[in-house]
Amino acid sequence: MRYPFNEIEPRWQKYWEENKTFKTGEDFSMPKYYVLDMFPYPSGAGLHVGHPEGYTATDIIARYKRMRGFNVLHPMGWDAFGLPAEQYAVKTGVHPAITTKQNVETFRRQLKMIGFSYDWDREVNTTDEKYMKWTQWIFSQLHKAGLAYMAEVPVNWCPELGTVLANEEVPEQIEKGFTVWRRPMRQWMLKITAYAERLLTDLDELDWPESLKEMQRNWIGRSEGAEVRFDIDATDDSITVFTTRPDTLWGATYMVLAPEHPLVDKVTTDAQRKAVAAYIDAASRKNDLERTELAKEKTGVFTGAYAVNPMNDERIPIWIADYVLMTYGTGAIMAVPGHDERDWEFARSFDLPIREVIAGGNVDEAAYTDTENGVAVNSDFIDGLGYTEAFEKVVVWLEENGRGRRKVNYKLRDWLFSRQRYWGEPFPIIHVKHPDGHEEIKLLPEDALPLTLPTVESYKPSGTGESPLATIESWVNTTDSETGLPAMRETNTMPQWAGSCWYYLRFMDAHNDEMFCDKEKEAYWGPVDLYVGGTEHAVLHLLYARFWHKVLYDLGHVSSKEPFLRLVNQGMILGEDGRKMSKSFGNVINPDDVIRDYGADTLRLFEMFMGPLEQVKPWNTKGVEGVHRFLNRVWRLFIKEDPEAATAEFDASIQDVEADTESLRLLHKTIKKVGEDIEALRFNTAISQMMIFVNEMNKKDVRPRAVMETFVLLLAPFAPHLAEELWRLMGHEATLAREPWPAFDPVYTVDDEVEVILQVNGKLRDKLLVAKGTAAADLEAAAKENEKVLAHIEGKTVVKVIAVPDKLVNIVVR
């Protein structure tokens with residue numbers, strides 16, 4: 001009988017669902033293990049074969065840990081708000097909730113078809129009203145803690161989409177042909193900068209890839225320096241800049257303000273006002289990428305004003321230029337063109353002075369930037385000093401003279417937390433209009449949550465920069481329940497990040513209507529033991545989730561400082577052509593097709609066998625066929641080959657006999673290797689060891705039943721459908737999902753023989769299999785009798801013999 005995967009797999013999936021095999025218990029006396037996938041955005045395209053890679057890895061871990069006696073939490077849900085569903089609604093008029101529901105159903109069907117052992121009773125959806133209530137509640141806690149505020153800030157405005165885009169969304173939308181430019185808008189902000197230092201230092205406590213931690217460190221961008229005050233000539237105003245090199249102040253020959261800087265209008269002279277206004281308008285139509293990374297040439301305009309360098313009282317011109325961003329530092333820089341490439345290019349373009357203040361280069365030809373190794377010149381009291389000593393002396397001088405202070409700065413900016421979209425969580429905020437004309441921003445009371453989205457006729461942008469919600473007067477206009485005064489609802493919605501910041505907590509207590517998560521359950525399940533997902537979330541999602549978690553920790557709602565103890569990024573699976581899977585390339589592989597032709601266990605096993613989990617790998621259909629042949633060999637190892645048989649019968653080679661030493665040695669080495677490799681996420685080498693086991697057992701005329709049963713348990717996390725079927729055919733009535741994981745006997749994992757290297761003058765001449773523990777004298781004798789060794793020592797004087805038991809023999813001759 002051939003391996004009937006198309007009969008076996010649906011039957012076991014139905015069994016698991018009907019019996020709730022993977023329902024997570026609440027026995028807090030058991031050791032826990034929380035393994036989590038970065039939950040997907042349910043797009044209309046459904047899964048492609050790249051998606052299940054990480055899910056398969058976590059499922060193997062979940063199944064393995066259950067068998068090791070852990071209470072395992074392995075949930076799944078949907079990050080279901082977002083721009084794509086709204087764009088589709090604008091095109092078709094179909095409510096985003098309808099398309100999202102359809103997409104979720106497709107994803108759920110596909111995931112169940114692959115046999116993942118999720119506890120589907122804990123499924124969450126960020127668009128569900130019960131979930132949205134607690135997202136709004138957490139925002140309320142942020143607001144009460146002074147960490148949420150409104151401000152007018154420059155944003156990435158997309159007029160065609162009618163919404164603000166996050167920085168990371170800009171490149172994709174530009175690629176699609178949309179326009180993105182900067183404009184000031186009143187937005188909700190979250191004060192993530194208040195947690196910058198903790199977000200940075202606590203990275204050291206996490207078992208994350210070092211490259212990922214470094215990405216977060218760079219995003220946070222901690223730098224030590226000084227804030228310096230430059231007075232504006234002939235006024236009472238001043239400009240504050242942050243610099244990491246206060247020792248170069250004598251080289252500052254001009255200043256630059258970001259076009260959005262609030263002082264620009266004030267300092268600009270009448271003669272320059274028209275040119276400055278035109279430049280500001282042009283700059284507003286560029287996004288940050290165009291102003292920095294993509295800028296091929298420096299542009300700017302003189303304001304007509306001058307600042308005074310505090311170190312030498314020199315009047316230096318104040319320019320505006322779009323390569324300076326309001327979102328970094330103070331939005332103003334002191335330009336030291338002799339030692340900064342951007343400043344040097346700008347100075348050259350506009351014929352501004354370039355002065356050397358660090359010896360070592362030729363600033364007439366290029367900026368000298370190896371400044372930490374040079375000494376100060378043309379710099380008054382720090383001339384001749386190196387960087388460290390010069391830095392300290394200048395900072396002391398600035399503080400003593402009231403011209404500046406030591407400062408730690410972060411590249412991290414406060415989180416812009418509002419979008420001009422319909423399909424997002426409404427803010428639990430009303431704007432109350434008082435009789436005296438002032439507006440009060442108030443949180444909705446908790447019993448008014450969730451605030452749900454109204455039904456709309458059009459999802460198109462309002463045309464005013466506000467979200468489509470602003471056009472629904474019956475929803476916008478309301479009354480403050482506390483004062484009875486007229487009020488307006490907030491019409492911005494939260495970004496997609498909101499729901500994904502805390503979903504891992506809701507999985508711990510998915511159906512609690514009284515609180516976002518029970519404290520006892522959170523203390524038991526948290527933090528997440530293993531979190532697996534793609535590198536595209538390496539910075540923002542992880543940084544935002546860590547921020548929310550730390551706020552909840554400070555407010556006493558969670559018990560740990562960090563949400564995710566161990567994190568692994570799975571590598572991307574490319575198309576067979578070596579490119580990223582994409583409809584436009586026509587190289588997308590649908591898992592439905594693979595499962596139809598080869599089965600879910602083949603898909604699971606192949607994705608783990610392709611290579612290390614973290615590696616980028618191209619899809620290979622021939623490889624799929626090879627793995628499928630292996631599973632067929634496993635089937636035939638147990639089941640009698642009879643094409644005419646209607647039911648499976650055990651092969652006569654499987655017998656209730658005592659296992660021979662050779663079989664025991666093979667089995668226990670396999671138990672040891674597979675268990676250790678699962679723990680280390682080396683799934684490809686664990687599969688290789690199981691292949692070795694199958695190949696060796698295929699050579700045997702008699703296969704001890706106890707050995708074969710144990711092998712089925714080892715196979716179960718990888719190919720669960722096949723393993724369950726074989727387990728049942730062996731006479732077991734219950735599922736093997738919680739059968740104890742086999743233990744290996746070290747006696748059978750140690751080889752009786754070892755390979756010893758034979759060297760002459762340190763060069764390899766041969767290898768020798770000897771009994772483990774062979775004495776040094778016996779090794780020496782065996783080496784001197786080896787033909788290949790003899791050929792290199794005959795006629796020569798043996799000076800010394802180094803014999804290391806179980807490792808090598810090196811004969812030194814001359």
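**Cavities, cores and aromatic rings**

The count comes to two cavities of 30 Å³ or more. A cavity here is a set of points, on a 1 Å grid over the protein atoms alone, where a 1.4 Å probe fits but cannot get out; lining residues have an atom within 4 Å of a point. Grid points are joined across faces, edges and corners, and a volume is the space filled by probe spheres set on the points. This is a predicted model, in which local features need pLDDT of at least 70 and side-chain atom pairs count only at pLDDT 80 or more, while totals for chains, interfaces and linings use all residues. Residues are numbered from 1 along each chain as its sequence is written, and side-chain values use heavy atoms, with hydrogens and water left out.

Start with the largest cavity. Its volume is about 40 Å³. The lining consists of F22, R63, R66, M67, A716, P717, P720, L736 and A737. Helix α2 (residues 52-67) gives the most to this lining, with three residues. Helices (H or I, at least four residues) and strands (E, at least two) are DSSP runs, numbered from the N terminus. By class, the lining has seven nonpolar residues, two charged and no polar. Ala, Val, Leu, Ile, Met, Phe, Trp, Tyr, Cys and Pro count as nonpolar; Asp, Glu, Lys and Arg count as charged; the others, Gly among them, are polar.

The second largest cavity holds about 30 Å³ of space. G82, R419, R421, W423, G424, T493, M494, P495 and Q496 line it. This lining has four polar, three nonpolar and two charged residues.

Now turn to the cores. A nonpolar core is a set of buried Ala, Val, Leu, Ile, Met, Phe, Trp, Tyr and Cys residues joined through side-chain atoms within 4.5 Å. Buried means under 20% relative accessible area, exposed over 50%, and partly exposed in between (1.4 Å probe, protein chains only). The largest nonpolar core has 175 residues, and W548 and F638 have the most contacts inside it. Helix α18 (residues 540-554) gives the most to this core, with nine residues. A second, separate core has 49 residues, including A252, A258, I316 and Y368.

What does W548 touch, not counting residues up to four places away in sequence? The partners are T135, I138, L142, L190, W415, F417, A498, C501 and W502. Contact means heavy atoms within 4.5 Å.

Aromatic rings come next. The whole structure has 50 aromatic pairs. Rings of Phe, Tyr and Trp (its six-membered ring) pair if their centres lie within 6.5 Å; planes under 30 degrees apart count as stacked, over 60 as edge-to-face and the rest as tilted. Y195 and F547 form an edge-to-face pair, 5.5 Å centre to centre with 65° between the planes. This pair links distant parts of the chain, 352 residues apart: Y195 sits in the loop between β7 (181-190) and α7 (196-201), F547 in helix α18. Y195 counts as buried at 9% relative accessibility, and F547 is buried at 0%. W415 and F417 also pair edge-to-face, at 4.9 Å centre to centre and 85° between the planes. W415 is buried at 3%, and F417 is buried at 0%. Ring pairs join F139, W188, Y195, W415, F417, F427, W497, Y544, F547 and W548 into a cluster.

Finish at A321, in the loop between β12 (315-320) and β13 (332-335). A321 is buried, with a relative accessible area of 0%. The residues it touches, not counting those up to four places away in sequence, are V256, L257, A258, P259, Y279, T299, G300 and F346. A321 and Y279 are 42 residues apart along the chain, and 8.5 Å separates their C-alpha atoms.

Methods
1 Å grid on protein atoms, 1.4 Å probe; cavity = no way out; pocket = protein on both sides within 12 Å on 5 of 7 lines; lining within 4 Å.
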